[in-house]
Amino acid sequence: MARRMLVAGNWKMHGVRSDLGEITAISMAAETENGTDVAVCVPFTLIERAVAAAPGFVIGAQDVHASAKGAHTGDISAAMLADVGAEIVIVGHSERRAAHHETNADTAAKADAALAGGLDVIVCCGESLEVREAGKAVATVCDQIIASLPGTVDPARMAIAYEPIWAIGTGKVAQPSDVAEMHAAIRARLAKEHGDETAANMRILYGGSVKGENAAELFAMEDVDGALVGGASLTAAQFVPIIDAAKN
Ligand code: PEP
């Protein structure tokens, strides 16, 4: 079974109400049914309005708490996200791991909570430059992603995003051969831990300075099933060419 491509935007801490026209424009470009799924993960404050600005388009969040409810000042639950129309959430982004000290276990717990609350999840992994230069990238990332997955690994409800930390927001894209090697290694490790069928159906996205100019080369790789896009997802002008590359 061919895997559907998924192109997901991550607006990070960008975007206010006056930016919602970009969501509408992106959703219109994504509309054609062509085997490609598109989503944009916006700040919490924009979710409800983004859903209204782009009916039928998938709006997501960028984090979720591992608990269903409770005394967690400033946090947000899966049920709250679903209540305002979010359908998907990113967990384990390297910026959360670095700035909020989130571990693999935290990421797995958040993914569990998201799935239990009715959200799909994108689980992120990726190595630092030091780890890559030490020749330990593949082993490190494979261990990291396996330890970050939810208890139930269902490819219909989740995707993995491989994002080398040194490529995020830097304009540096990993070498095509390194991307191909990593995605194949992740899929092989998934097969070992969760079975061939799960591995064959799991979408593995690449993230790290994806742009209209480099998307087609990435998407042509056998084990690259789409992208998680930060900076270039903020405007339709930059994001739509990436969606179009996935369509082709
Ligand atoms: C990201 O935030 O997940 C990301 C890949 O960012 P950028 O595309 O800006 O490198």
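1. Let me start with a helix pair: the axes of helix H5 (residues 104-116) and helix H7 (residues 137-148) come within 7 Å and cross at roughly 40°. That angle makes H5 oblique to H7 (angles under 35 degrees count as roughly parallel, over 145 as roughly antiparallel, 65 to 115 as roughly perpendicular, and the rest as oblique). Axes here are lines fitted to C-alpha atoms, for helices over the stretch in contact, with angles from 0 to 180 degrees between N-to-C directions. Helices (H or I, at least four residues) and strands (E, at least two) are DSSP runs, numbered from the N terminus.

2. A word on the model before going on: it is predicted, so local features need pLDDT of at least 70 and side-chain atom pairs count only at pLDDT 80 or more, while totals for chains, interfaces and linings use all residues. Residues are numbered from 1 along each chain as its sequence is written, and side-chain values use heavy atoms, with hydrogens and water left out.

3. Who meets whom between those helices? On the H5 side, Asn104, Ala105, Thr107 and Ala108 meet Gln144, Ala147 and Ser148 of H7 (contact means heavy atoms within 4.5 Å). By class, this contact has three nonpolar, four polar and no charged residues (Ala, Val, Leu, Ile, Met, Phe, Trp, Tyr, Cys and Pro count as nonpolar, Asp, Glu, Lys and Arg as charged, and the others, Gly among them, as polar).

4. Now the barrel: eight strands form a closed one in the order S1-S2-S3-S4-S5-S6-S7-S8, with parallel pairing (two strands pair if DSSP finds at least two bridges between them). From one strand to the next, the twist averages 25°. Helix H8 (residues 176-194) packs on the sheet and touches strand S5 (120-125), strand S6 (158-162) and strand S7 (203-207), its direction making about 150° with that of S7.

5. Have a look at S1 and S8 too. Strand S1 (residues 5-10) and strand S8 (residues 226-229) run parallel, joined by four bridges, and Gly9 stands opposite Val229 in S8.

6. On to the ligand, which 14 residues surround, the closest being Lys12, Glu163, Gly169, Ser209 and Gly230 (a residue is near if one of its heavy atoms lies within 4 Å). Ligand oxygen atoms make polar contacts (N or O pairs within 3.5 Å): one is 2.5 Å from a polar side-chain atom of Glu163, one is 2.6 Å from a backbone N or O atom of Gly169, and one is 2.9 Å from a side-chain N or O atom of His93.

7. Two backbone angles to check. Lys12, in the loop between S1 and helix H1 (20-30), has a positive phi of about 50° although it is not a glycine. Ser209, in the loop between S7 and helix H10 (212-219), has a positive phi of about 60°, and it is not a glycine either.

Note on methods. Polar contact = N/O pair within 3.5 Å; in protein donor to acceptor, adjacent residues only side chain to side chain.
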